[in-house]
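Good morning, colleagues. Please have the sequence and the coordinates open while I go through selected local features.

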Amino acid sequence: MAGFINQRAPGTGLCNHPKAGVFMAERAYDPAAVEKKWQQHWEKQGINDVDLHAAKDPYYVLMMFPYPSAEGLHVGNVYAFTGADVHGRHHRLRGRDVFEPIGFDAFGIHSENFAMKVNRHPKELVPANVANFTRQLKMMGFMFDWRHSVDTTSPDYYKWTQWVFLQLYKAGFAYRDVKEVNFCPECGTVIADEQVLPEGTCERHPETLVQRRKMPCWFFRTTAFADRLERNLHWLDWSEKTKLAQLNWIGRSIGAEIRFAVAGKDEQIPVFTTRPDTLFGATYMVLAPDHPLVDRIAAPEKKEEITRYREEVERRREAERQGPAEDVISKGAREPAAERPPADEKTGVEIGARAVNPATGEEIPIFISDYVLMEYGTGAIMAVPAHDDRDFAFAKRFGLTIRPVFNPDVKAVEELQLTQGPQKDDMTPQRIRQSVLEGDLCWTGPGTAINSANEEVSLNDLPVEEAKERITRWLTGKKLGKAETTFRLRDWGISRQRYWGPPVPIVYDEDGNPHPVPEDQLPITLPDLEDFRPKGDGRGPLASATEWLKTTLPDGQPATRETDVMDNFLDSAWYYLRYVSANDPERPYDPELIRKWLPVDMYIGGNEHAVLHLLYTRFICLALTEAGVLEMGERPEMKDRGEPFRKFRAHGLIVKDGAKMSKSKGNVVIPDEYVDAYGADTLRLYLMFLGPYLQGGDFRDKDIQGARRFVNRLHAWFFEGNQPVVPDEELPRPLRVKTHQTIRKVRNDMDNLAYNTAIAAIMELFNEARAAEATSDFVRESLILCLAPFVPYFAEEVWREALGKPESIWTSGRFPEYREEMTVEDEIEIAIQFNGKVRDRVTVPKDASREDLEQVALGSEKIRKNLGDRDPRKIIVVPGRLVNVIG
RNA sequence: GCCGGGAUGGCGGAACUGGCAGACGCACCAGACUCAAAAUCUGGCGGUGGCAACACCGUGAGGGUUCGAGUCCCUCUCCCGGCACCA
């Protein structure tokens, strides 16, 4: 690991030869000195500080603020921040007033668990970690305006986090409820749905199974915004993969709610279905085992069986949770939890009541089964075994009626054949259709309705979509149902039975009724607790702060404080709003600055936050806007005024020598070591060069030397180059063309965050410029301005010391303009193909006509040889590219 | 199971709306400088055959469309990510 440190970075000038050393050390590139010099200089001059009020052309660049761990900045953070900083710096060179803030997300279980591990108090650890992070961030040369930094653990910050809670509470978007929630025994607290891994384990403790517990908790009504959260994704300019993850998570499904009457009782069972068109095929119903209606309608003699089934379900759930856990321990490795029992092994109990199918008037049996979940839809379904796999499996198991109401579309059946390759047996499309019609096969694909008519409505012969429409209209008219959309998304549980977070600003009167804390009493500071560890009894550590707990209502009545603290994700769900007014004691944010600077122009971060942080942040922004306490500026492309980020880009992940970095593998790249050996500029340049930024890449110790060599060569060329500097017009045309082409390419690549190819283009230009007889100021300035965002210190050194500019590149530099007519050579090389294979290459004037090109091609000796004495059958000319002679 | 993304030299990775595959960099090889090495500079560098000119093969596998396919269409394999008894 430390091997490379002992190697001398190439070309530092400090070679072993005693004679050479003195001379070279003076002139060679010394990143440590250069970077220190400009860092201090910039800080003194306030180069990175933006006057938010005076700025004329605001451009807000945001990156995901870090959790300041004890280990310090990870190369993953550096990678993420560098990409964002390059973007910000480039836009600064394009003349924008760029605001690029940073802060620290120091509250939360992460910090708290670490504190417990090392047996220290989090409040002691945070300042040291923040100081270390600050040092590292400054070292890396990011363009942060440190005057706008925030720390979520500071009462000056969390006062306003509590304020956010109160705004949501007042607007009806926050509520307290007793629900089944996820409880991580290792964390000793409730966690959000989004923090539970697909394996059913805790995000923080991937080997600990999350329990379901019924507890009183605070929730945010994310579901109230499900529709907008989903709808806006379709136009937001975000990375597709991020939007897709959110779409999956929100899970909109469009269908209908249909109410089934219970025979002989004054009760109704509403169901949600995406296939109302199959209503005539609903031959039974299923309720979730814990559906509240079950106890009201079940036949008395079934009660015992129902209770037994419920217990069985509970046991099985428990077993499912624990089974895989033991596997994990015995295997000593994390494996996905064992699958549920095969989906076709359905279980359930008939509850001895019957429902009426509103379309057929038929009485149908009602079951409870664990394949229906209380949390989704209405907790009840109409079962159409002929056209739903799960219902089909259940019906087969219990011998229930299977009534086909759709005739499978033959074309679809044929495609099914195709896509599934050669069938094992003789399941021809005809056979499949026949089986479906006989109720021996389940068909969920397209088709036309059959057996679907009553006296008032007929769906027969209609395709699926039209049938849905017609039946929904009929149901609506009869007041038996209506079109309905449901979402998978559930409300956000924000209560944490922990210490290290902002206390929920709620107090309870003696009857246990919650009251919001008046805003002028904020912040409710965290009491100093020696023992901040969770007790595991479900109550937070704050419950033991006896003095702190006691308070009064505004009218003087005694009251008790809420002991839960708020989820860490709330701290980070509004920080970008606070940045603009980081030190304002009077208000969370200055409305004028918010209108001017928000929504954020570019947000760059990791896709692992696609559903957690990014979804919560959007929710909070929509909710605050809805509550009337937030109004961002008008941006024409933002079709919803409550969306916080105009653009979001998910950067890729960085691996080490092809393997994921992890502490256990000991292959974690620590930026400091590389900065020491190569300089921050070189590390930045290398990180941006090692692969496409949006896809990530592979960090290799050897390769970083290439980046360093490039900077060395640049340094030597700028400071010791002895080419004559002539007016640009006097340079040979190819070099001038290359310069303009490069400027165009860099501009484009920067817009697409395609940093690796931008750097490659700059390297190409430099290779040509260096080989030329002479150079020009335009070439030199273009080179350094294109490269500057990657190597900010080095660029300043060149700008000031080599080019002799009086002012900083970061205030006086302007990204160069290219001229379109200068991006094309007078003469270009085109390929001559014979029958599609390149046989020759010729140089022709750039505007050669098709006829000229044909003649040139036919004149080629290679082509003549291939053609022999035949005439070409055809000639294809692609101007500017190639000529293809077909013989 | 469903939905995304990906597979290109020894390696990281380029390639606009189908148009010269392998830019740029790493590694490697040769040469220059040096007593020597390192650093630096110059040149080479997909595979096979050939002294060479050149020829053939080559973008995960197989098929197709096209004058022409890394790029478009179909099937399959493997890898990464999201969702998953969601009605």
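This is a predicted model: local features need pLDDT of at least 70, side-chain atom pairs count only at pLDDT 80 or more; totals for chains, interfaces and linings use all residues.

**Strands, helices and loops**

I begin with a bridge: Arg354 has Pro365 in strand 13 as its bridge partner. Residues are numbered from 1 along each chain as its sequence is written, while chains are lettered from A and ligands numbered from 1 in the order in which they are written.

Strand 12 (residues 349–356) and strand 13 (residues 363–368) are antiparallel and are joined by five bridges. Helices (H or I, at least four residues) and strands (E, at least two) are DSSP runs, numbered from the N terminus, and two strands pair if DSSP finds at least two bridges between them. The hairpin of strand 12 and strand 13 has six residues between the strands, and Gly361 there has a positive phi near 75°. Strand 12 also pairs with strand 9 (residues 252–262), again in the antiparallel sense, over two bridges. In that pairing, Ala261 has Val356 of strand 12 as its bridge partner.

As background, strands of a sheet pair through backbone hydrogen bonds, either parallel or antiparallel.

In what order do the four strands of the open sheet stand? The order is 21-20-23-22, with antiparallel pairing. Strand 21 (514–516) and strand 22 (550–552) are at the edges with a single partner strand each, so one side of each has no neighbour in the sheet. From one strand to the next, the twist averages 45°. Strand 22 is paired with strand 23 (residues 558–561) by three bridges in the antiparallel sense, and Lys550 stands opposite Thr560 of strand 23.

Now to a helix pair. Helix 3 (residues 31–45) packs against helix 27 (residues 792–802) at an angle of about 85°, and their axes are 9 Å apart. Axes are lines fitted to C-alpha atoms, for helices over the stretch in contact, and angles run from 0 to 180 degrees between N-to-C directions. The two helices are therefore roughly perpendicular to each other, the term for angles of 65 to 115 degrees; under 35 counts as roughly parallel, over 145 as roughly antiparallel and the rest as oblique. Helix 3 contributes Val34, Glu35 and Trp38 to the contact, and helix 27 contributes Tyr793, Phe794, Glu796 and Glu797. Contact here requires C-beta atoms, placed from the backbone, to lie within 7 Å. By class, the residues of this contact are four nonpolar, no polar and three charged. Ala, Val, Leu, Ile, Met, Phe, Trp, Tyr, Cys and Pro count as nonpolar, Asp, Glu, Lys and Arg as charged, and the others, Gly among them, as polar.

Next, backbone geometry. The peptide bond from Leu522 to Pro523 is cis, with omega near -5°, and Pro523 is in the loop between strand 21 and helix 16 (546–549). Leu598 and Pro599 are likewise joined by a cis peptide bond, with omega about 0°. Pro599 is in the loop between helix 19 (591–597) and strand 25 (602–606).

Asn451 is not a glycine, yet its phi is positive, about 50°. Leu753 sits in the loop between helix 24 (733–751) and helix 25 (755–771) and is buried, with 21 other C-beta atoms within 10 Å.

Asp277, in the loop between strand 10 (268–273) and strand 11 (284–287), is buried with 29 C-beta neighbours inside 10 Å. Asp277 and Glu469 are 192 residues apart in sequence, but 7.9 Å apart in space, C-alpha to C-alpha.

Finally, the RNA. Among the 65 residues around RNA strand B, Gly377, Gly706, Ala760, Gly836 and Arg881 come nearest; a residue is near if its C-beta atom, placed from the backbone, lies within 6 Å of the strand. The surface near RNA strand B comprises 25 nonpolar, 23 polar and 17 charged residues.

How values were computed. Two residues are in contact if their C-beta atoms, placed from the backbone, lie within 7 Å. A residue is buried if 20 or more other C-beta atoms lie within 10 Å of its own, exposed if 12 or fewer, and partly exposed in between; C-beta atoms are placed from the backbone.
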